[in-house]
Amino acid sequence: MAENRAYLPGNYAGTSLGAGIRLCLCLCLCIFFSGICFAVEPVSDPMEQLDSVETVKAKIGQINDQLTTLRAVKSDQVAQEFGVSTEDFDKRLIDLRMLRSAHERLLYSITALDGARKEMLAVKERYENDQTMGRYKNGPYTLTFLDTVQEELSNVERNQLNIDLTVDVIKRELVADNGRLQAFEKEKRRIDETLSGKGPEGQTTLKWRSDTLGIQLREIQVIIRAKENEIKRYDTETKLATLQLAFLKEQVGVINANLAFDPEDLSSQLNIIMEKRAEIQKETERLRSEQDGVEKKWLAAQRGFEKAESADEKAVADSYLKSREEWKTTYQVALELNERTMLLMDHQAAAWQKRYAMVKGKRPLEELKSLREATKTSMENISRTLQIQQNYMVNLQNQMAAIEAKLEDNTVSPAIRQNLAVQLTAARKRLERRLSYQSVILATDNIEKRLLNEIENRMGQSTIQDHLAGIKKDLFDFWNIEIWTVDDQSVTLRKLAVALLILMLGMASAKYSLSVVRTRFLFKSQLKETTASAVHKLLSYAAYLLVFLFALRMVNIPLTAFAFLGGAVAIGMGFGAQNLINNFISGFMILGERPINIGDLIEVDSVLGMVEEIGARCTRIRTGENIHILVPNSTFLEKNIVNWTHSDKKIRTNVTVGVSYGSAVKTVQEKLIQAVSEAPKVLKYPQPFVLFSEFGDNALIFNVYFWVEIRRVIERREIESTVRFKIAQLFSEAGLVIAFPQRDIHLDTLKPLQINIAHGNEK
């Protein structure tokens with residue numbers, strides 16, 4: 001009661017009669033309000049006492065009593081007397097309800113933790129008993145029984161994943177709760193310190209706030225304790241799941257090792273699938289028969305919409321047309337999904353047959369690999385189908401939400417509302433269909449996953465011989481991989497490799513044989529070198545072509561296989577191979593027409609050289625500097641080419657010399673003829689001759705002409721050099737002077753010559 005008086009305002013402490021009456025009334029209210037004091041004061045029980053179910057239940061009962069008392073005394077008069085508002089009373093009620101909810105959560109966490117521990121002991125005992133008794137060690141087992149255990153294993157794994165996620169969330173919440181707890185404790189300490197320094201007249205509001213913070217602190221503390229219990233429970237469930245997983249995996253291993261082919265189980269599973277398929281087929285026929293009626297109603301709705309005149313009639317007709325369209329779409333979707341469902345059931349039946357086929361007998365490793373790839377592809381397709389269906393369902397749910405929003409609009413007319421209800425019903429039916437189809441997809445995906453696991457298990461049991469056989473099979477498949485087909489004949493990598501090998505060996509043999517023919521027969525024959533070279537090239541092309549055809553024939557590759565190459569060559573000729581083909585054809589024309597021959601001395605672009613080889617694309621020329629020049633064959637047909645030795649090796653050349661004015665020109669002529677005649681490589685016939693060319697600026701110019709026979713590039717220049725040496729010798733003996741440039745300077749002597757001496761520093 002002393003504490004209750006502390007909540008009274010100071011004007012109730014007077015000694016007058018009215019004050020006494022008011023004081024008595026206030027005391028009565030305080031007595032009635034005694035239950036609030038327990039609610040306002042911080043709970044005195046420490047948190048350590050909230051570990052048993054009975055203690056928490058008792059605490060919940062006390063909070064319920066406090067809520068009952070507080071609701072009974074809540075009024076404006078009491079709020080005014082205690083210096084608070086009715087909103088504060090409402091907040092206090094909310095705080096107490098939240099405190100009760102926190103204790104209820106704590107009660108559930110204690111019960112759940114105790115249950116998890118008991119279940120942990122039971123499962124552990126069961127696991128130990130099963131190990132002792134050797135349960136699940138006897139067989140044989142069916143795939144259906146294996147699926148049951150594997151489904152339980154999958155459920156435990158999914159539950160373990162959910163537990164991990166839940167614990168992570170709770171730990172994050174605990175961090176936030178501890179932060180809130182520290183903030184509230186700090187604020188409550190501040191208020192309590194302020195409260196201790198005030199008199200009775202200033203304590204009411206602060207006391208109320210302090211008590212509110214006490215309730216909130218208590219709530220957070222209880223919530224933290226409940227979450228800590230939940231973490232303990234989840235830790236226990238994690239250990240339980242780990243134990244169950246070990247137990248179930250051991251069961252799966254034992255069952256897999258003792259699986260046996262059970263035709264009755266296979267027949268049972270296939271019959272279940274076929275019965276479902278027959279039901280869907282029967283339903284499909286019914287839907288198709290009803291679809292005609294739906295189509296007729298939709299067409300009638302279209303005509304009705306076209307006949308509507310007023311805006312209201314148009315709105316009603318439009319809503320009715322949409323309702324008919326929804327049902328039309330629903331029937332179309334139902335028929336489509338039924339067809340796809342039957343296909344998925346065929347997949348399920350095939351998966352069961354493949355699984356029991358592996359149980360029945362050992363399969364080759366290559367067959368298992370092929371089956372694994374096919375299963376993975378099927379699972380990828382199923383995954384994409386599932387994603388598409390989920391998107392459809394999201395869109396359909398959005399559409400249903402939009403229709404429901406329109407139905408909640410009170411301004412919609414009854415006729416339109418009725419049509420909207422029909423649309424919603426059709427959309428719900430469509431959603432049910434898609435949900436049913438999604439369940440079939442998941443079931444098919446589940447059995448495909450089990451098939452894949454069993455394939456991988458079988459592959460893991462393969463021996464070294466199986467792997468070697470698989471490698472051999474892979475190499476064989478790679479060696480026989482089909483590159484392309486022509487006329488129903490395949491061109492494989494093996495055929496192509498053998499053809500290339502034959503081609504290379506044949507080319508090498510042909511090259512060696514042709515070189516023997518060239519050195520032993522062609523060069524020893526009476527044929528010219530150019531003719532022999534042309535014959536050698538024609539024989540080479542023919543031999544290479546025969547080798548190519550022989551290589552294709554040996555591996556049964558038809559020539560039509562390279563028809564696309566002909567097209568590619570034709571396109572290349574049209575867009576970029578003109579020069580190549582031009583030079584190639586020009587080479588044959590040169591070999592046939594023979595404007596140049598091997599060994600000829602020719603001059604191309606002021607470059608003199610000897611022809612060494614006339615190739616298919618270009619001609620090789622060697623200059624006097626021993627430099628090879630490759631000239632495209634078309635150049636010899638398109639440009640002016642100087643062939644010094646086309647018809648024969650004889651050419652005429654000349655040497656020019658200038659003598660000083662006053663020399664005996666006849667003597668010059670005689671000495672020039674003598675010099676040419678005495679040169680060793682100058683021909684006697686045709687006879688040499690001298691021409692007096694001109695009167696030069698500084699000399700009398702003479703040209704001596706003579707004939708030589710050359711076979712090398714430098715030979716003409718060597719002969720000309722010899723003639724010049726001889727001319728210099730004879731002119732020196734005859735006293736003839738070879739002229740050199742001279743200049744005469746004439747001075748004007750009629751006038752005095754002016755001479756100036758300039759210094760270097762003068763300007």
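Helices (H or I, at least four residues) and strands (E, at least two) are DSSP runs, numbered from the N terminus. With that in hand, let us walk through this structure.

The model is predicted, so local features need pLDDT of at least 70, side-chain atom pairs count only at pLDDT 80 or more, and totals for chains, interfaces and linings use all residues. Residues are numbered from 1 along each chain as its sequence is written, and side-chain values use heavy atoms, with hydrogens and water left out.

Look for an open sheet of 3 strands in the order 8-10-9, with antiparallel pairing; two strands pair if DSSP finds at least two bridges between them. Strand 8 (650-659) and strand 9 (689-695) stand at the edges with a single partner strand each, so one side of each has no neighbour in the sheet. On average, neighbouring strands of this sheet are turned by 25 degrees against each other, direction ignored. Such axes are lines fitted to C-alpha atoms, for helices over the stretch in contact, and angles run from 0 to 180 degrees between N-to-C directions.

Strand 9 is joined to strand 10 (residues 700-709) by 6 bridges, and the two run antiparallel. Phe695 has Leu700 in strand 10 as its bridge partner.

| Helix | Strands touched | Angle |
|---|---|---|
| Helix 19 (residues 665-678) | strand 8, strand 9 and strand 10 | about 20 degrees with strand 10 |
| Helix 20 (residues 715-734) | strand 8 and strand 10 | about 35 degrees with strand 8 |

**A nonpolar patch**

Leu538, Tyr541, Phe584, Ile585, Phe588, Met589 and Leu637 make a nonpolar surface patch of about 590 Å². Patch residues have over 30% relative accessible area and no salt bridge, and nonpolar side chains (Val, Leu, Ile, Met, Phe, Trp, Tyr) are joined within 5 Å. A salt bridge is a side-chain nitrogen of Lys or Arg within 4 Å of a carboxyl oxygen of Asp or Glu.

Helix 17 gives the largest share of the patch, 4 residues. Phe588 lies in helix 17 and is partly exposed, with a relative accessible area of 33%. Buried means under 20% relative accessible area, exposed over 50%, and partly exposed in between (1.4 Å probe, protein chains only).

Gln291 is found in helix 9 (residues 263-307) and is buried at 18% relative accessible area. Leaving aside neighbours within four places in sequence, Gln291 is in contact with Tyr331, Gln332 and Leu335. Glu290 also sits in helix 9, but counts as partly exposed at 30% relative accessibility.

Technical notes
Contact means heavy atoms within 4.5 Å. Patches are made of residues with over 30% relative accessible area and no salt bridge: like charges are joined within 9 Å, nonpolar side chains (Val, Leu, Ile, Met, Phe, Trp, Tyr) within 5 Å. Accessible areas come from the Shrake-Rupley method with a 1.4 Å probe; for residues, only the protein chains shown count as cover.
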